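Visitor: I would like a close look at one part of this model, taken slowly. Please begin with the pairing of strands and then go on to a few single residues.

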Amino acid sequence: MIITKRKTSLALLIASAMMVTACGEDGKDGQNGADGSNGSNGENGKPGTSGLHIDMAAEATANITKAAYADGIITVDFDLANKEGVGLFGLTGENEFHDFRFSLAQLQTNQGSDLKQWISLLNETTNDEGTTFEQGFEKLKDCPECLVDNGDGTYIYTFKTDLTAAEDAAGIVFDADLTQRIAIEMQFEYDSGHELAENAHYDWIPSTNAQEGIATRDLVTLETCYTCHQPDSLKAHGGRRLDMENCQSCHNGIVSDPNAVSVELGHMVHAIHMGPNREGKDAEGNVVKMPYTIAGYGGDHAFDYPAFPTKPFMDCAACHLDDESLADKDLWLANANANACTGCHTDSPAQHNSDKNPSLTCTDCHSAAVHTDHKKPYDAAQDYSVEVSNVVLNVDGLLEFDVKVMDAAGALVTEDEIYKQGYSNPYMVVSWDIEGDYPEQLVTSETDSLTIGTTYDHRRFSLKGDGSTTYNADTKVFHVITEKVKGGKTYRTDVPADILTDRSLEILPLVKVCFAEGSGTRTDCSAEGAYPAYVQTEPYRVLLDGPYGDKQTRRPIINEGTCMGCHSEELYHDANGVNCIACHTNDKKLGAVEENWAPVPWGQMKSTSFMYKAHKAEGHDNGHGGSGTILKTDCMTCHAEVEGWGGKDYGFELGRNAGAAHTVPSFIAGEGNDPVANPVETWYASPDAAACMSCHQKYLSDAAMSHFESNGAYFGPDKQMAKDAKEACATCHSPEKIMEHHGHSL
């Protein structure tokens, strides 16, 4: 028997249900059921973010907007943004790349004086004995929960240190009534090589929340430091420290290295800038070289290289500007910090064997103005001038002219008041063709007793002692003729016959006047303590009309203001402005590389042109790819930026010096070279190639030299071929590209 299951359609079931409903007692709908209870509220979602995640930012700026203090705890509000002002969210102590730190310092006044100094809080010891200290930090990674990220680039950080209960390693007691500085240090170094670094600070009095009208300590600005330093060369501690205020917070009145050498900012900066000139006393009381030496990464580090080019090095005004925006610009004059003084004078000045004592006020006995006295001769010389007149070409084809040296009031300086000693002569340098980088250096005729030519030996004439000049004691006027005697041989200038009609002409005075030491009072150079300073005056010039209606001078190359800002009026020698190329022309002869005033035994030679000397000067060149006081790879450190007839020109623009030949060594001889078997010869390079070789010759490969030559450059023994070269370097190597190749941008 087969059993089957009955199937009922859905339509039939619905119909049956309707029939049952229709048969109800009163035919009405059934009652609605009671409402169910409401469900519980869901959890709030995480607030949204706005802006850009900090790990995606190309750069960051930090700004502390508010600080609050209560019961020993400081809370600080700050924001992070990119240069367009877009907020950067996502900072966290749990990200391994987010190295973010906070520090504290308070401004204290020394008891019994008006001397104010920053003193750090949160201090840590730097030696096993616990006797030396450095500023400590609160690191975000040590307290991620201390930070609140508002998701829009704004943050709140609460210090975990209770300043009323914490015991400071250096014994510093927090005082809420003093000016306090909160400082931020940020440095992110991602695996990709990208880096974000930024500093910020906030000064306020916690007990009153006052920010305006509070005590501060503003003596110098970081912008003043940038007169000599490039910003990148001042990024200390691996690029973490960027701002002066952060430097002041850490390098304060109680910190030192583990050897108890002070690293307080005033002491350290003065000591470093003394470089190899810093002296002190040894255990036996002998005065010895004592360069500033501190313990650092890899051991002790001595700052024994040239560090402060300004002469005299006591020129405090190089850093301590008379700037009304600096609230404490005169503090160093009124209340000098003895710790800063011993930065230069060391812990045992020769005058008195004083111990280092930060509470000592040197100005109790000494006037800080004594430092400015050293600059008075230089300041006085600024107002002196040299006047050239009565320029003629005589029947023998030599130039003759009169020279007067005058003070600010027009009073004439006598011969005895003009300085000459050793190599330091009061020279008048005669040049022409200055728009074409000055005369070519040639010896056109030579015998045993007479040489005629256009080298710098043939074009410079001393006002005292080389036979070229006669002095009229009655009129106090010098008369110069362009022929002189040197070493028993006569040097005569091969003056172009058209020098007064169709040539540009320059007569450059390089003259020192003697002053009483520490004053602007002129004196006889034979007087005891006579101090010479160069007269800063424009040279006598007759210029030709250029193709665009202007007077032709040498194309703009360097910004002389940047040279003077770093070196002051006393650059090195013969310093009237920065007109060094009048003697150091492009084709000046090679010179020997020396050690201890003697040529090196391997016979290395160097160019003596101004370009090479400037690029290779100590402090300018710290090795291939390196950087130091200035960044030699950043052309704008020294080079001019000029708005000309054809747009903006830069002093390192290629292709502007065609027709010149630059003297260069045939190769860079290294130690072990035999100069007899393999002598360095005088070769010449075309202008653009020479510019690159002035820094890179030692490192140029055969491929690089081939690239030069395939683009029209010349490097070899033929001077005329260097002058005739048709270089195409400027086609690709624009100023923008040159800067980019060196890691910078215009």
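Guide: Strand E24 and strand E25 (residues 477–481) run antiparallel and are joined by four bridges; strands here are DSSP runs of type E with at least two residues, numbered from the N terminus, and two of them pair if DSSP finds at least two bridges between them. Within this pairing, Thr-470 stands opposite His-479 in E25. This is a predicted model, in which local features need pLDDT of at least 70 and side-chain atom pairs count only at pLDDT 80 or more, while totals for chains, interfaces and linings use all residues. Residues are numbered from 1 along each chain as its sequence is written, and side-chain values use heavy atoms, with hydrogens and water left out.

The two strands belong to an open sheet of four, ordered E18-E19-E25-E24, with antiparallel pairing. Strand E18 (385–393) and strand E24 (469–472) each have a single partner strand and stand at the edges, so one side of each is left without a neighbour in the sheet.

Elsewhere, Pro-539 lies in the loop between strand E30 (530–534) and strand E31 (540–542). Pro-539 counts as buried, at 15% relative accessibility, where buried means under 20% relative accessible area, exposed over 50% and partly exposed in between, with a 1.4 Å probe and protein chains only. Leaving aside residues up to four places away in sequence, Pro-539 touches Glu-506, Ile-507, Leu-508 and Pro-509, a contact being heavy atoms within 4.5 Å. Leu-508 and Pro-539 are 31 residues apart in sequence, yet their C-alpha atoms are 4.5 Å apart in space.
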